[in-house]
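Here are my notes on the two-chain model you passed along.

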Amino acid sequence: MGLRNALLVARRQVGSVREDRYVVFLLGLVIALGVVAVLGARHHAASEAEQRARYQAMVERQWLEQPDRHPHRVIHYGFLVFREEAPLAFFDPGVGAWAGTSLFLEGHRQNTANFGDARHATGMLRFGRLTPASVLALLLPLFVVAAGFASVSAERERGTLRLLLAQGATPAQILAGKVLGTGAVAALAALPIGVATLVIAGSGAVGPVSAGRMAGLAGIYAAYLAGWVLVTVLASSFRASSRSALAQLIAVWVVLCVAVPRLGASVAGAVHPLPSRAEFTARVERALNEVGDSHNPDDPFFRSLRDEYLARYEVVSIEELPVNWGGVVSREGEAVTSRIHEEQQRDLVEGQRRQDRILSLAGLLSPYLATRDLSMAVSGTGPEAVEAFRAQAEAHRYDLIQRLNDLHISEIHYENDRAQRLPREHWAEFPTFGTRPPPLGGALAGRALALAALALWILIPLLGLGVARARLARVGVERAAS
Amino acid sequence: MRARLRLLRLDMLRLTRSTGVGVAVVLLLAIGVYTAWRGGRNIEAAESSAVAAETGYQDQLEYLLSSYPLTTEAGEVLYYLAFPAPQPSLPLAGLARGRTEVETASLRIRLLALEGQLYEHETVNPRLAAAGDLDLAFLLIALLPLFIIALTYDLVSSEREGGTWNLVRLFARPRRLLALKLASRVCLVGAVVAVPVTVAASLAGLSLDGRAGWAVALIALHTGFWFALCLGVASGRRSSTANAMILVGTWVALTLLAPAALSLANAILHPVPEALELTVRQRQGYHEAWDMTKDETMQGFFEDYPEWSDRTVPEDVFTWSWYYAMNHRGDRAAREASAAYRDVLREREGWARRWSLLVPPLAAQLALDRLAATDLGAQLAYQDAVRQHHERLKTYFYPHLFAATPINAVDWDGVPVFEPAALEEGATRAGFPAATALVLASILVLAAGARLSGPRAD
């Protein structure tokens, strides 16, 4: 009986939405936008991925086609890696646009990844991007508001709320029905994006997408939109008029979806400013200057290293060493410079994480921010994916350089060092680079705050609706009495 | 006149007593003053970045000159020395940050191949950047219109729905009344704009030059556009909720959808594979030279620098002149891809500028970025200036490289200083098209509102 009443109210709500030409127009617009976003973002992501794969293959070929070369020569030739985007980047590109795309790996230094969508974009980018994720997280809530702001208040204004109560529907049933009806309309608007995403991800054209990630995305956005449905019906039941309910809901949307995320990011940047690129470069230089220079054999650090080697092999000059001293200097120098670069880089990343923590706190205020954060984590396009690429590329770089140094030490004679070359067959012995994306569990584990924010986003309006239920009954009584 | 003033005061009172309006005013003023303060901080950050580039260079030079034997060839020290190229920013850049969040204006470049160094970017936290930037320009262009909508969407409909319309019509003619109500709202919005702009002017050291003048004019015109749009919609006979939905829908379309859709279209229409192409080519062009005869490399170098073609490089020993000529070979190999890369970005910028004129908030925002020289065009101009600086450094040091000059014989104080990029365009050229577009758009929405809103409200 209770369920039947609720379903009747839900049907009534869907019916009133269908009669509203503004809302029907908006529904068409949201669906069209969602489809355009999926297709456009897919096209863009595919052409980006194709480019990176093409150049990666070219770089690998060029590596193998190197002639006979001195290993130290190859250390400077280095290797270029291109960051692969996650398969779901077409759905939610996450932070990818602001992270570099191509990274040059060479000896003695750590470069930063260059290029990327944001570097090639005009000032328009700051207004946001048209992606399936942004349609779901930013625009759909506004549609939910349009479809539901009058759900309860219009009944009250028309006097039909009293009628419904008189016919035996309890306040709880009415509210549940309004939530179900508005939720059904919201689901209808979100469905095309979900289906299109599923079809593209399922086709395998973008790479393997696990069912867990798809289910995770469905769950996140379902919870987020459910929260908006609850908040909308809540405001509609609390406000005296539909007009003020609409005004209040739009204000809530502006604050949660537009103002708080940007304000949070701005404050995080102000509280924990990062060193500028110029400052960072200067710090690295200062730190490197303190330990010495592997290109300078008279450097104190390397002089003590030489004494250590001479003692170990019980000889008096480096010429007598059974290993190539030049290669040893290069290898030890690389270990030192890599450590320094890594320390500075760790400082920088820690600074970013401090900023992230402030943004996560802002996420408690803005479910939009929390949802975007979870969405990019599940899509594999969050900051941890960028950091994983950087760390893996650095590990690859270090391994590559030290293998070359080892070849220098063992295969090249100290005498007349630079005139010798290593046969090109060696180049095929090196491992190729492939990114291992961070696992889903790890990405979510660091986001307890965002998950909590999303849970609160549903719980708080639910509690509110509990209060509204009591008020709704009073409304009926008061009206009936007057 | 007196009666009208009294009505105006009454309306102002009614406006400011509403809790919603009060909260919005306080919030807007608070965020406005915050962004103005942040604008000043942004300028300071840019300045300290320029200082860091300069002192980083001086420290490095001092370290190299003191730790290397004085007979070391200049070429060896130049391998480690990165020269500063700081571009000073305009005071407006703090308020309309444009792309400065991702771009550095304080590059440091070595005498090595330039294409491998030119595209370094700022130490941006991608997660913050993805959340979106907030500056005074964004507040006034994107958020302020929502406040205007909230103040005006029920300009007439609230009176009609409240049953007071017929009553107030007894006291004043509807058109005059509408003008009065509008005037009080314009005053309120004007105050909300004026406070942060004034604070910004003092904090960011904004002087009222042509650029700041055009910026203020654009903000005023853009604000005017939203008033015109709201008036056009609100003076019709629709209900308050219909007005609100139409106006907020228009805001979403103009401020979120159109820019996002245009950005996506721009990226699809103008792909930039050249970015990766030039990277691959520069690296390959330089390293190939190690496996070629020195003469072959030098011939290519002399083609670009015929003034040094009488110099010779020995084939059997390492020379720094040859080493840097190999680096030049890398830039030569990437030259075509690099030019194509710049062309695509210029096309993107031009395309965005043209299409933005159809979307008032975009027109205003992009014009503000142009006035502040924080747009893509300014970034490309900066890169060109860095290119020229690299050439000047080569001109200065190549004679030393050929002569194998030791470091103590180089005049380090005479090293060319970076000449910042000249402003790409004057204030008028940057501001005028958008201003015209905003005026036309305002006239258009007023006229369309008058025509479409059906019978007038009187």
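**Notes on the two chains**

1. The C-alpha trace of chain A spans about 110 × 40 × 40 Å along its principal axes.

2. Quick housekeeping: this is a predicted model, with local features needing pLDDT of at least 70 and side-chain atom pairs counting only at pLDDT 80 or more, while totals for chains, interfaces and linings use all residues. Residues are numbered from 1 along each chain as its sequence is written, and chains are lettered from A and ligands numbered from 1 in the order in which they are written.

3. Chain A has 16 helices and two strands. These are DSSP runs numbered from the N terminus, helices being H or I with at least four residues and strands E with at least two. Of its 482 residues, 50% count as buried; buried takes 20 or more other C-beta atoms within 10 Å of a residue's own, exposed 12 or fewer, and partly exposed is in between, with C-beta atoms placed from the backbone. Among contacts in chain A with a separation of 6 or more, 84% come from residues 24 or more positions apart, where a contact is two C-beta atoms, placed from the backbone, within 7 Å.

4. Chain B also comes to 16 helices and two strands. Its radius of gyration is 29 Å, well over the 23 Å that the globule rule gives for 458 residues, so chain B is more spread out than a compact globule. The C-alpha trace of chain B spans about 100 × 40 × 35 Å along its principal axes. Buried residues make up 53% of the 458 in chain B, and 86% of the chain B contacts with a separation of 6 or more are between residues 24 or more positions apart.

5. How do the chains meet? On the interface, 83 residues of chain B are in contact with 81 residues of chain A. The elements of chain B that each supply at least two residues to that side include helix H2 (19–67), strand E2 (106–109) and helix H13 (320–356). The largest share, 20 residues, comes from H10(B). By class, the side of chain B that touches chain A divides into 45 nonpolar, 23 polar and 15 charged residues. Nonpolar here is Ala, Val, Leu, Ile, Met, Phe, Trp, Tyr, Cys and Pro, charged is Asp, Glu, Lys and Arg, and the others, Gly among them, are polar.

6. Have a look at helix H8 of chain B, residues 174–203. It has 30 residues and reaches 44 Å from its first C-alpha to its last, close to the 44 Å expected at 1.5 Å a residue; the expected span is 1.5 Å times one less than the number of residues. Buried residues in H8(B) include B:Leu177, B:Lys181, B:Arg185 and B:Pro196. Just after H8(B), B:Gly205 takes a positive phi of about 65°.7. Helix H9 (residues 210–234) of chain B packs against H14(B) at an angle of about 170°, with the axes 10 Å apart. Axes are lines fitted to C-alpha atoms over the stretch in contact, and angles run from 0 to 180 degrees between N-to-C directions. That makes H9(B) roughly antiparallel to H14(B), the cut-offs being under 35 degrees for roughly parallel, over 145 for roughly antiparallel, 65 to 115 for roughly perpendicular and oblique for the rest. Among the residues that meet are B:Trp214 and B:Phe225 in H9(B), and B:Pro360 and B:Leu371 in H14(B). The contact has 10 nonpolar, one polar and one charged residues.

7. Most residues other than glycine have a negative phi. A:Phe115, although not a glycine, has a positive phi of about 65°. A:Phe115 sits in the loop between strand E2 (102–105) and helix H4 (132–148) of chain A and counts as buried, with 22 C-beta neighbours inside 10 Å. A:Glu314 has a positive phi too, near 55°. A:Glu314 lies in the loop between helix H11 (300–313) and helix H12 (325–365) of chain A and is exposed, with 7 other C-beta atoms within 10 Å.

8. Lastly, B:Gln379 has its place in helix H15 (residues 376–403) of chain B. B:Gln379 is buried, with 23 other C-beta atoms within 10 Å. Not counting residues up to four places away in sequence, B:Gln379 touches B:Arg99 and B:Glu103.

Notes
Rg over C-alpha atoms; globule rule 2.2 N^0.38 Å.
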